[in-house]
Amino acid sequence: MNTKKYIVIAAMLSMGMAAMAQALSTAYFTEGYKYRHTMNPAYGNDGGYCAIPALGNLNVKVQGNFGVGDVLFKTGDYGINSGKSLATFMHPNIPIDAALSGLASGNNRVVGDVSIPIVSVGFNGFGGYNTVELNTKASFGLSVPYEFFEFAKNVGNKTYNIGDINANAQAYVELAFGHSRQLNEKWRVGAKLKFLFGAGRGDVKFENLTADLNDANKWIISGKATADASVKGWIYKMEEKEYKSGKGTYQRVKGVDVKNGGIGGFGMAVDLGATYKINEDWKVSAALLDIGFIRWNTNMRASNKGESFEFDGFHDADVPKNNPNSFKNQGNSYKDQFADFANLQEVTDEGGRTTGIGATMNLGAEYNLPVYRRITFGFLSSTRFRGPYTWTDARLSANWEPLKWLDGGVSFSANSFAASMGWIINIHPKGFNFFLGMDHILGKTTKEFIPKTSNASIALGMNVTW
């Protein structure tokens, strides 16, 4: 199968890359932020709000410990030519030390999330605060061990114990009903019930991969590869290939197609949260989000036969569009290389499957400065549970409310991928609310404005309030 194409399609299932029930973490202790209930359903608001469709709480986040800056290099920096054209780390003229210097010695991961509100309303009533939300959610994850990059670069004629490679993407629509209330002077609790309508999910797994160079200077790849697609109307396209050693032909997946798409599954989830006021200065909070599942109606699986096979290795292509060896012009070559590496030959209809959506745990502690009540300090610990894409984030924040209609804050985070700085400005005069913030200040980017470190975050919102 065209594994590269599979990953790209799966990652863009609803785009048309969450916080899956995870909003702007920097704003967790910003009291005027209308969407604190997305991080802890116990939080409410002083008044009601109604989101402007698609702009009420737009949240996009990408995190990782490697990015395009670690796999693309300026060739001119290494004396290849006087220009500054780009090449991948696999280019033979890129030194090995430089090619692998930015990669983590363990797993190299990238995770991305998008949350877009279609409808979001909050109001007081029924003895507490209530929310009704209709959101689109999408996420993807990629986990690649260091040994895979060593193998792709071919740093030596040796045995590569690559290990496991994982890629995942899912998208769904969420209809959520939330309620929170004050129990007494100390305790406030809240919960949300969510109905989930699955658009699709894809998982690609390579397990226990090894690569050995044989006497014919060909790589012998061993390991198990599977590609699961739970998308209504998903079809694997097949082609006939000749065995590289021996006689005969076999069927291999060469691509995918989707016909008559629609709702691919249904599920449910809950959010649970609570806050506890220790005294006038200290408050603690805790929440578990997205405890639930989606039952997918279909699951088309492609796999290899679990046997060893020959592979010619990966080859580089240059980036410039006017170059005959550019990525654009060499696209088919890359597709063929990944298809050869995956070696997916068998297709089965698994009937369906049930998957989690990725739960999140938030634990918070807030200190209100006694000498100046408009300033608070907070600590938030967040953990996202998603198998090989699990991450944790520990964030310190300082929050200031200089005016009744203006508040915001700054934060510092140390997480599974990188250290980062965040900020939020929240403007909420009577009748209107606008906020803008980041959990990770954007660093260096490419000319296409793609973050070189795979760490970027943006959240903005516009809401009508009363």
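Analyst: Asn399 touches Thr26, Phe29, Thr30, Arg374, Ile375, Thr376, Phe377, Gly378, Gly408 and Gly409, leaving aside residues up to four places away in sequence; contact means heavy atoms within 4.5 Å. This is a predicted model, in which local features need pLDDT of at least 70 and side-chain atom pairs count only at pLDDT 80 or more, while totals for chains, interfaces and linings use all residues. Residues are numbered from 1 along each chain as its sequence is written, and side-chain values use heavy atoms, with hydrogens and water left out.

User: Why does Asn399 count as buried?

Analyst: Buried means under 20% relative accessible area, exposed over 50%, and partly exposed in between (1.4 Å probe, protein chains only). Asn399 has 5% relative accessibility and therefore counts as buried. The residue is found in strand 20 (residues 391–403), strands being DSSP runs of E with at least two residues and helices runs of H or I with at least four, numbered from the N terminus.

User: What makes the pair of Asn399 and Ser397 side chains a polar contact?

Analyst: The two side chains lie at 3.5 Å. A polar contact is a pair of N or O atoms within 3.5 Å; within protein, one must be able to donate a hydrogen and the other to accept it, and residues adjacent in sequence count only if both atoms are side-chain atoms.

User: Why is Phe293 called partly exposed?

Analyst: Phe293 counts as partly exposed because its relative accessibility is 38%. Phe293 belongs to strand 13 (residues 282–296).

User: Why is helix 4 described as largely enclosed?

Analyst: Seven of the eight residues of helix 4 (residues 146–153) are buried, so the rest of the structure largely encloses this helix. Its buried residues are Tyr146, Phe148, Phe149, Glu150, Phe151, Ala152 and Lys153. Just after helix 4, Asn154 takes a positive phi of about 55°.

User: Which residues touch the most other members of the largest nonpolar core?

Analyst: A nonpolar core is a set of buried Ala, Val, Leu, Ile, Met, Phe, Trp, Tyr and Cys residues joined through side-chain atoms within 4.5 Å. Among the 45 residues of the largest one, these are Phe89, Phe151, Ile221, Tyr236 and Phe341. A second, separate core has 16 residues, including Ala23, Tyr43, Ile424 and Phe435.

User: How much of the whole chain counts as buried?

Analyst: Of its 466 residues, 48% count as buried. The chain has five helices and 24 strands.
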